[in-house]
Amino acid sequence: MTLTIAEAEQLTRAGAAAIQRGDHDTAKRDLDILARSGRANVQIWLMLAHCCSKLSDWPAAETAADAVLAKDEGNVRALIIKGDARVASGDLRAGASLYGAAVRRASLVPALPSDLRVEVARVEQAIVTTQDAFAAELSARIAAAGVASPSARFAESVDILCEKKQVYRQEPTAYFFPQLPQRQFYEREEFDWVETIEAAAGDMLEELRDALADNAPFKPYFESREDRPSYDFHGLLDNPAWSTLYLFENGAPVADNVARFPKTFAALQHAPAPHITVRAPSMLFSLLQGGARIAPHNGMINTRLICHLPLIVPPGCGFRVGNETREWEVGRVMIFDDSIEHEAWNDSDQDRVIVIFDIWRPELTDDERRSVTAIFEAIDA
């Protein structure tokens, strides 16, 4: 069918007007004529895909969406319509894949039209529903295979497979030691010194309460320095919402604070602390005010682990490392790899206070520990 430019423009206007008044049958008829004439551009194919989807003519909707994607592979509306067509045909996995592509592309658009935001929200929920159904089917098949209680790490692998979780790896900001296990948390039972330190938690809390009553000199975790560029970490620069009081800082004890917390300092000596020039160890009280959050971030080196000993933990506090979220338990040590992305929050109206200290990673040999220390001695010199 051959159309003049004037006829094509007239059909385009008529089709758009029919869509505006909700007459998708008429719009589809006019836009079909344009498509068969060879005068359809991306916008016309997109309007035709829209009309066909409204009429549940899914084969035609997918054909029109494919015509759009052939010229604009990241078109969000066309990806959604093609995804709807795949779902309507029973191909849920293909639909979810197309929805996922649409959501990713939409995230790159600064300001989506309001109707498209609604569509993106719809397919985001559809993705979750599909992932849940897929995960349930996998679980049923695993159980049928005779696996009554899959391990926690296998369960996490299924969540990653179903795109309900993502893969987190060690990404230290300063120094990476290769071939170390990618573990988010270590269990307290793996370390023979933990019980000794936990046994001192009551003494630590008593010293802490005395210090708080005496207005102990807590200071913001991030402080401005005259000799360094200022870097405001999510509004926490010079902000007392996340404050610290160090017992061991920049490679040396803080004499006044050690004198204030003698039992705390003595107990922490039982941990295998890494003594690395001015960088480690760190031993400190960490105070997170009510309503404060520490945004996701990564630590500087992966040759150590970070230990938390909670002393004051109001309800509403939480801590995430990678894919796993745990709650602090007063008096129980929590050990994790801070080179993996982690974050913390205090949704209460009270302060949370924990003791933080670092230890060598247990996988490092003595020679490797000496080598790491030597390299930082050279750097810091």
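Q: What covers the buried residues of α3?
A: The model is a predicted one, in which local features need pLDDT of at least 70, side-chain atom pairs count only at pLDDT 80 or more, and totals for chains, interfaces and linings use all residues. Residues are numbered from 1 along each chain as its sequence is written, and side-chain values use heavy atoms, with hydrogens and water left out. The cover of the buried residues of α3 includes α1, α2 (24-37), α4 (58-71) and α5, where contact means heavy atoms within 4.5 Å.

Q: Why is Thr-373 called buried?
A: Buried means under 20% relative accessible area, exposed over 50%, and partly exposed in between, with a 1.4 Å probe and protein chains only. Thr-373 has 13% relative accessibility and therefore counts as buried. This residue is placed in helix α13 (residues 366-380), and it touches His-275, Ile-276 and Trp-360, leaving aside residues up to four places away in sequence.

Q: How do you know that the span of α3 agrees with its number of residues?
A: The expected span of a helix is 1.5 Å times one less than its number of residues. The 13 residues of α3 should therefore span 18 Å, and its end C-alpha atoms are 18 Å apart, which agrees. Helices themselves are DSSP runs (H or I, at least four residues), numbered from the N terminus.

Q: What makes Asn-41 a cap of α3?
A: A side-chain oxygen of Asn-41 lies 3.1 Å from the backbone nitrogen of Gln-43, at the N-terminal end of the helix. A polar contact is a pair of N or O atoms within 3.5 Å, where within protein one must be able to donate a hydrogen and the other to accept it, and residues adjacent in sequence count only if both atoms are side-chain atoms. At the start of α5, a side-chain oxygen of Asn-75 reaches to within 3.2 Å of the backbone nitrogen of Arg-77.

Q: Which residues of the lining lie nearest the centre of the second largest pocket?
A: They are His-50, Lys-54, Arg-77, Ile-81 and Asp-115, among 18 lining residues. α3 gives the largest share of the lining, 6 residues. A pocket is an open set of points on a 1 Å grid over the protein atoms alone, where a 1.4 Å probe fits, with protein on both sides within 12 Å along at least five of seven lines, and lining residues have an atom within 4 Å of a point.

Conventions:
Helix = DSSP H or I, 4+ residues; strand = E, 2+ residues; numbered from the N terminus.
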